[in-house]
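Hello,

Here is the structure I promised to pass on. Please open it first, then read the notes below with the model beside you.

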Amino acid sequence: MVLVVLSYYLTRLTRKPLQWGLPITISVEPTTACNLRCPECPSGLRQFTRQTGNLKPDFFRSIINELGDRLTYLIFYFQGEPYINPDFLDMVDLASDRGLYTITSTNGHFLNDENARRTVASGLDRLIISVDGTTQEVYQQYRKEGRLEVVLQGARNVVKWKRKLKSATPHVIFQCLVVRPNEHQLDDLHTLAREVGVDKVLLKTAQVYDYEHGNPLIPTQEKYARYARQADGTYRVKHRLLNHCWKLWHACVITWDGLVVPCCFDKDAKHRLGNLRNQSFRSIWQGSAYRRFRQQLLQGRDQIDICTNCTEGCKVWT
């Protein structure tokens, strides 16, 4: 961790892409499949150009065997709905046994009683459940084909099994992507979370792809919008794109089939920095493709497509 931090700040000082050590966190993609059709998600829209599939336990074990001793925490999420992978909770259990802090994000439709029990028993540390509205009418405007009551019952199941198994984990979070259809329900969401018994509510700015001329999903409450309206009526991303990024030094994403990509904004894995099917992670992390990408970032994040709509620097509210 010390090596990673030092190399990051020396990079900012020298403007040369130094990289020491290995990442302290990785995101691993359990699956690209999803049961919903959310309008700003390539998985929901079925718009991937890359293949759809599930992470295999043996391959996951090989990743953990190479990186586990250097990691602090592991995120079981990239695209898709993790619980669709039938081996998902077995892999969480494996990571937990290695002492890693484990996190996943789910749309909540697969937390039946047995999966809720297994989730608690797996040792998962943090469970983020997407709840983008407090009524079905509002919820379904973003979570297309979703059923709010199923999600809420799933959360109740997890809370119940935490009590039955006398477990402090997982820390259960209701996460809401704040969009125009649900921004009037934010106070109600906190009330609902208390009633269900979850630990925390997070409000997150929503990414939209077509924002320049406005978008019906952009909230009217400016503080919850990732985009600012300009004098000519067009919109821009609020925050400045500084030519450095901590994510590129301490973290990365591994797709279900072994592709290593820079971060969670490369949803279709266009910036492929290596493949764990035929390369070691260390050779990828310190290889020429990664060095070129970091150098490009130092020269101008506004020239990298996945950076231009990035949340880095955007606020999250509790």
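This is a predicted model: local features need pLDDT of at least 70, side-chain atom pairs count only at pLDDT 80 or more; totals for chains, interfaces and linings use all residues.

**What I found**

Start in a loop. Proline 170 sits in the loop between α6 (148–164) and β5 (171–178).

**Two positive phi angles**

Most residues other than glycine have a negative phi. Arginine 15 is not a glycine, yet its phi is positive, at about 65 degrees. You will find arginine 15 in the loop between α1 (2–14) and β1 (25–28). Arginine 15 has 34% relative accessibility, so it counts as partly exposed.

Glutamate 145 is not a glycine either, and its phi is positive at about 70 degrees. Glutamate 145 belongs to the loop between α5 (136–142) and α6. Is glutamate 145 buried or exposed? Its relative accessible area is 58%, so glutamate 145 is exposed.

**Helix α1**

Next, check the length of α1. The helix has 13 residues, and at 1.5 Å a residue it should span 18 Å. The end C-alpha atoms of α1 are 18 Å apart, so the two values agree.

Which residues of α1 are buried? They are Val4, Ser7, Tyr8 and Thr11. These four cover an arc of only 105 degrees around the axis, so they lie on the same side of α1.

Strand β9 covers residues 251–254, and both of its faces are covered. Ala251 and Val253 are buried on one side. Cys252 and Ile254 are buried on the other.

β9 pairs with β1 in the parallel sense, over four bridges. In that pairing, serine 27 stands opposite valine 253 in β9. β9 also pairs with strand β10 (residues 259–261), this time in the antiparallel sense and over two bridges. Here isoleucine 254 stands opposite valine 260 in β10.

What lies between the strands of the β9 and β10 hairpin? There are four residues, and glycine 258 takes a positive phi near 100 degrees in this hairpin.

**The second largest pocket**

How much space does the second largest pocket hold? About 370 Å³. Its lining consists of 19 residues. Those nearest its centre are Gln207, Tyr209, Phe265, Lys267 and Lys270. The lining divides into eight nonpolar, five polar and six charged residues.

**A buried tyrosine in a loop**

Last, go to tyrosine 224. This residue lies in the loop between β6 (200–205) and β7 (227–229). Tyrosine 224 has 9% relative accessibility. Buried means under 20%, so tyrosine 224 counts as buried. Leucine 177 is 47 residues away from tyrosine 224 along the chain. The C-alpha atoms of the two are separated by 9.2 Å.

Best wishes

Methods
Residues are numbered from 1 along each chain as its sequence is written. Side-chain values use heavy atoms; hydrogens and water are left out. Buried means under 20% relative accessible area, exposed over 50%, partly exposed in between (1.4 Å probe, protein chains only). Two strands pair if DSSP finds at least two bridges between them. On a 1 Å grid over the protein atoms alone, a cavity is a set of points where a 1.4 Å probe fits but cannot get out, and a pocket is an open set with protein on both sides within 12 Å along at least five of seven lines; lining residues have an atom within 4 Å of a point. Grid points are joined across faces, edges and corners, and a volume is the space filled by probe spheres set on the points. Ala, Val, Leu, Ile, Met, Phe, Trp, Tyr, Cys and Pro count as nonpolar, Asp, Glu, Lys and Arg as charged, and the others, Gly among them, as polar. The expected span of a helix is 1.5 Å times one less than its number of residues. The arc is that of the directions from the helix axis to the C-beta atoms.
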